[in-house]
Amino acid sequence: MELRHLRYFTAVADTLHFGRAARRVHVSQPTLSQQIRQLEEELGTPLFERARTGVRLTQAGELFRTYASRALEDVDAGRMAVGALRGLATGSLRVGYPPSMRGLVVPALAAVLRRHPGLVLSAEEAVVRRLERRLADGKLDVGLGYAPARSPDLDTEAVFDSRLALVVSRGHVLASAESVGARQLASEPFALLSPGLRVRSRVDAYFATLRLSPRIALESNAVATVLAIVRAGLAVTVLPEPRLADVERLVVKRLAPAPRSELAALLWRKGAPRAPAAELFASEVRARAKETGD
């Protein structure tokens, strides 16, 4: 018994017509009939009743149809799996993420590349609004942002709570504090992400709950620039706690009262097939989020 016997059998079982089945599988009707007879001989029983009024499955044919269909589905799934593996060896992956999540994305991308060095990776760092637009337009395979997404064309998969925290240099007077409140922040100079960025909106909302007008020493759309100023001891900042891009020579402190958290999420284009490389990246993101207890 070979795969072609199963394909020819299911074609006849689906159409109940040898002529239409032959056209479906692109063989002549005599060839199809011969292959069905071979299958029946191997099974030792007729699979079809042939009459002037048409073709019907026998009881054995009905039973065998279930197993034949399942076998063909398994073979097709195997082909897809092998194709996906081949794609991971030579394919590409386009990822978009906001600067505040660089500390999560870079290790995940590195893990993907270590496992599949033949992949070509493209990492785009931008504000969430632009990333959502790029993903909806099919220019990215997967993104990171927040749930719910602004775009109705995207699906979200929450992966961790994104909490705001105070970041100071190791030598800063607040580095040894258990938590930091409004009174301690009032006299501090701040380096903050630029207005219009989602994280900055969250920071401003938090300051509003404290009735605090921060003294701003620097605004930048680059997390690295903000952290460099903080690392130099020239200012403090507020950023999402778990995924800071680079915490070397920095101290992360809890804020009191605790700011409202947001759900950071994987972003997918709604209804689009998910590339194997994108799924692999997503699994790395999930694993790292779980490791940090989010």
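Glutamate 124 and arginine 134 join their side chains in a salt bridge, 2.9 Å from N to O; here a salt bridge means a side-chain nitrogen of Lys or Arg within 4 Å of a carboxyl oxygen of Asp or Glu. This pair ties together distant parts of the chain, with glutamate 124 in strand E4 (residues 120-125) and arginine 134 in helix H6 (residues 128-136), 10 residues apart. Helices (H or I, at least four residues) and strands (E, at least two) are DSSP runs, numbered from the N terminus.

Before going on, please note that this is a predicted model, in which local features need pLDDT of at least 70 and side-chain atom pairs count only at pLDDT 80 or more, while totals for chains, interfaces and linings use all residues. Residues are numbered from 1 along each chain as its sequence is written, and side-chain values use heavy atoms, leaving out hydrogens and water.

**Salt bridges**

The structure holds 18 salt bridges.

| glutamate 124, 15%, buried | arginine 134, 21%, partly exposed | 2.9 Å |

Arginine 200 and aspartate 204 are four residues apart in helix H8, so about one helical turn separates them. Elsewhere, Asp14, Arg24 and Arg65 are connected in a network of salt bridges.

**A sheet and its helix**

Let us turn to a sheet. Its four strands form an open arrangement in the order E8-E12-E7-E11, with mixed pairing; two strands pair if DSSP finds at least two bridges between them. Strand E8 (179-180) and strand E11 (237-240) are at the edges with a single partner strand each, so one side of each has no neighbour in the sheet. Strand E7 (residues 164-169) runs antiparallel to E11, and four bridges join them. Leucine 164 has proline 240 in E11 as its bridge partner.

Helix H8 (residues 198-210) lies across E7, E11 and strand E12 (250-255). Arginine 211 sits in the loop between H8 and strand E10 (215-220), and this arginine 211 is exposed, with a relative accessible area of 81%.

**Domains**

How far apart do the C-alpha centres of domain 1 and domain 2 lie? They are 56 Å apart. The domains span 3-80 for domain 1 and 89-293 for domain 2, with bounds from an automatic or database domain assignment.

Notes. Contact = heavy atoms within 4.5 Å. Axes fitted to C-alpha atoms, helices over the stretch in contact; angles between N-to-C directions. Buried < 20%, exposed > 50% of the residue type's maximum accessible area, 1.4 Å probe, protein only.
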